[in-house]
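Subject: Structure for you to look at

Hello,

Here is the structure I promised to pass on. Please open it first, then read my notes beside it.

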Amino acid sequence: MGEEEGDRRSEALLEKLSESSYNPSEERQVQRTGTVWTAMAHIITAVIGSGVLSLAWSVAQLGWVGGPAAIVFFAGVTVVQSSLLADCYISRDADGHGVVVRNKSYVQAVRLYLGEKSRLFCGFFLSISLFGSSVVYTLTSATSMRAIQKANCYHTEGHGAAACSAAGGGSDVYYMVLFALAQMVLSLIPDFHNMAWLSIFAAVMSFSYSFIGFGLGAAKVIENGVIKGAIGGIALASPTQKVWRVAQALGDIAFAYPYSLVLLEIEDTLRSPPAESETMKTASRASIVVTTFFYLGCGCFGYAAFGDATPGNLLTGFGFYEPYWLIDLANLCVVLHLLGGYQVYSQPAFALAERWFGTEASTIDVVEVPLLGRRRVNVFRLCYRTAYVAAATAVAVWFPYFNQVVGLIGAFSFWPLAIHFPVEMYLAQAKVAPWTARWLAIRAFSAACLLVCAFASLGSAVGVFGPKES
């Protein structure tokens with residue numbers, strides 16, 4: 001029975017392969033020049049966000065054993081999940097020759113391997129996640145820019161000054177608009193194939209503020225002369241409250257790792273030989289090692305420095321006030337990193353829309369540009385992408401707590417998008433026979449992740465609308 005089911009799955013996949021559009025002339029037009037280094041830059045830009053500065057709070061909830069263990073565990077989960085998905089980039093016929101399909105996006109791969117119904121489900125949550133990321137990046141950039149203003153105020157007026165706490169409350173819109181204007185320009189980058197320079201720049205910025213957070217935490221520990229914290233983390237009034245805090249902390253760590261939504265887009269930029277999947281796996285493993293180093297450093301040193309008083313964010317939560325210029329530099333690096341991170345998650349959304357509209361989206365028109373004369377312009381790309389950035393900014397301005405809603409949606413869509421679909425696509429692509437040792441191992445991996453993610457998602461649902469206070 002297992003062999004028959006495997007044969008039916010193979011026949012269905014072959015039928016989809018034969019129906020899939022493959023345009024050799026289109027393939028020749030795309031110059032894939034990416035290397036393991038550019039792939040690492042894309043991955044690090046997508047993964048290491050300003051959330052690394054919030055992991056100290058998560059470690060504080062889990063304690064000295066659970067915190068580091070959770071970070072290492074979810075790093076391992078991400079390595080496995082990314083390896084499974086990387087193998088789904090190329091689809092071939094049964095003999096390994098003839099029909100070849102490049103799955104250039106997550107949605108395209110889901111449709112090919114799992115069918116139209118799965119594509120619709122995936123596309124809905126994927127679109128929300130990508131657009132939501134743009135909104136959250138806009139809100140986070142404004143928070144970091146305001147933190148620079150507040151840090152300067154605290155330096156002048158004194159630490160904890162009430163006037164500084166209220167400073168800049170009405171200026172968030174101004175910061176959001178500045179960030180949006182920069183994104184409207186960057187959104188003119190055609191696609192992932194042309195933004196390696198931006199990801200490299202953003203990755204350097206993420207290293208910079210991570211190193212600063214790491215260093216400030218270490219310096220604070222040395223100043224204190226003692227390592228704060230406890231084996232079991234922060235003690236709370238009731239066991240129930242502790243359980244939900246642990247669940248929320250697990251969710252924050254779990255959701256800080258995966259980049260499955262953009263993995264295939266990154267893989268599509270890689271040159272071959274060697275095989276794109278091999279290069280992608282190498283880049284993924286190296287990037288996760290680097291990411292885990294910073295996560296452990298910022299999380300553990302932050303907890304060691306503040307113990308039960310660990311803030312929700314080491315920079316914007318003002319665990320540190322001095323040296324104020326270093327706090328300013330770190331927050332500036334966060335903003336500059338977000339410029340690239342925004343594009344990493346927006347380019348797949350742009351590509352999705354352009355594939356939907358087909359030839360209309362690829363039409364080049366000659367238009368009269370003020371001060372520049374006649375220029376060749378893709379009017380659809382210019383208008384759609386500008387409108388997309390404007391819409392994300394408008395949502396950020398009108399609903400400043402939208403990031404909490406996105407966090408809640410992300411918590412419940414995490415397992416399907418980051419674990420379930422990659423696992424199912426790999427089983428179909430590799431034609432793994434049911435009830436074999438490999439099939440059982442992969443199913444066990446998916447089930448274990450489901451249990452952990454369900455617990456973490458419930459914690460996020462309970463805590464996402466409340467402040468992270470110890």
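H3 crosses H12 in a right-handed sense. H3 covers residues 36-47, and H12 covers residues 276-306. Their axes lie 9 Å apart, at an angle of about 45°. That angle makes H3 oblique to H12. Keep in mind that this is a predicted model.

Helix H6 spans residues 116-157, and helix H14 spans residues 379-398. Their axes come within 9 Å and cross at roughly 60°. So H6 is oblique to H14. H6 passes H14 in a right-handed crossing.

While you are at H14, look for Ala387, which sits in that helix. Ala387 has a relative accessible area of 45%, so it counts as partly exposed. Now find Met184. Ala387 and Met184 are 203 residues apart along the chain, yet their C-alpha atoms are separated by 8.9 Å.

Next, the charged pairs. Side chains of opposite charge can pair when their charged atoms come close. How many salt bridges does the count come to? The count is 9 salt bridges. Here are some of them.

Asp268 and Arg32 meet through their side chains, at 3.0 Å from N to O. Asp268 is in the loop between helix H11 (260-267) and H12, while Arg32 is in the loop between helix H2 (24-29) and H3. The pair therefore ties together parts that are 236 residues apart in sequence. Are these two residues buried or exposed? Both Asp268 and Arg32 are buried.

Asp87 pairs with Lys281 in another salt bridge. Their closest N and O atoms are 2.9 Å apart. This pair also links distant parts of the chain. Asp87 is in the loop between helix H4 (55-86) and strand S1 (90-92). Lys281 is in helix H12, 194 residues apart from Asp87. Lys281 has 14% relative accessibility, so it counts as buried. The cut-off for buried is under 20%.

Then there is Arg443 with Glu424. The closest N and O atoms of this salt bridge are 2.3 Å apart. Arg443 lies in helix H16 and Glu424 in helix H15 (residues 402-429), so the pair ties together parts that are 19 residues apart in sequence. Arg443 is partly exposed, because its relative accessible area is 26%. Glu424 counts as buried, because its relative accessibility is 14%. Salt bridges also join Arg111, Glu116 and Arg119 into one network, through shared partners.

Which residues make the nonpolar patch? They are Val243, Trp244, Phe412, Phe455, Leu458 and Val462. Together they form a patch of about 520 Å². Helix H10 (239-254) and helix H16 (437-463) each supply at least two residues of it. H16 gives the most, with 3 residues. Val243 lies in helix H10. At 40% relative accessibility, Val243 counts as partly exposed.

Then go to helix H16. Arg443 in H16 pairs with Glu424 in H15, and H16 also supplies 3 residues of the nonpolar patch.

Best wishes

Note on methods
Residues numbered from 1 in each chain as written. Predicted model: local features only at pLDDT ≥ 70, side-chain atom pairs only at ≥ 80, totals over all residues. Heavy atoms only, no water. Patch = residues over 30% accessible without salt bridge, like charges linked within 9 Å, V, L, I, M, F, W, Y side chains within 5 Å. Areas by Shrake-Rupley, 256 points an atom, 1.4 Å probe, with all protein chains shown as cover. Salt bridge = Lys/Arg side-chain N within 4 Å of Asp/Glu carboxyl O. Helix = DSSP H or I, 4+ residues; strand = E, 2+ residues; numbered from the N terminus. Buried < 20%, exposed > 50% of the residue type's maximum accessible area, 1.4 Å probe, protein only. Axes fitted to C-alpha atoms, helices over the stretch in contact; angles between N-to-C directions. Parallel < 35°, antiparallel > 145°, perpendicular 65-115°, else oblique. Left-handed = near helix turned anticlockwise from the far one by under 90°.
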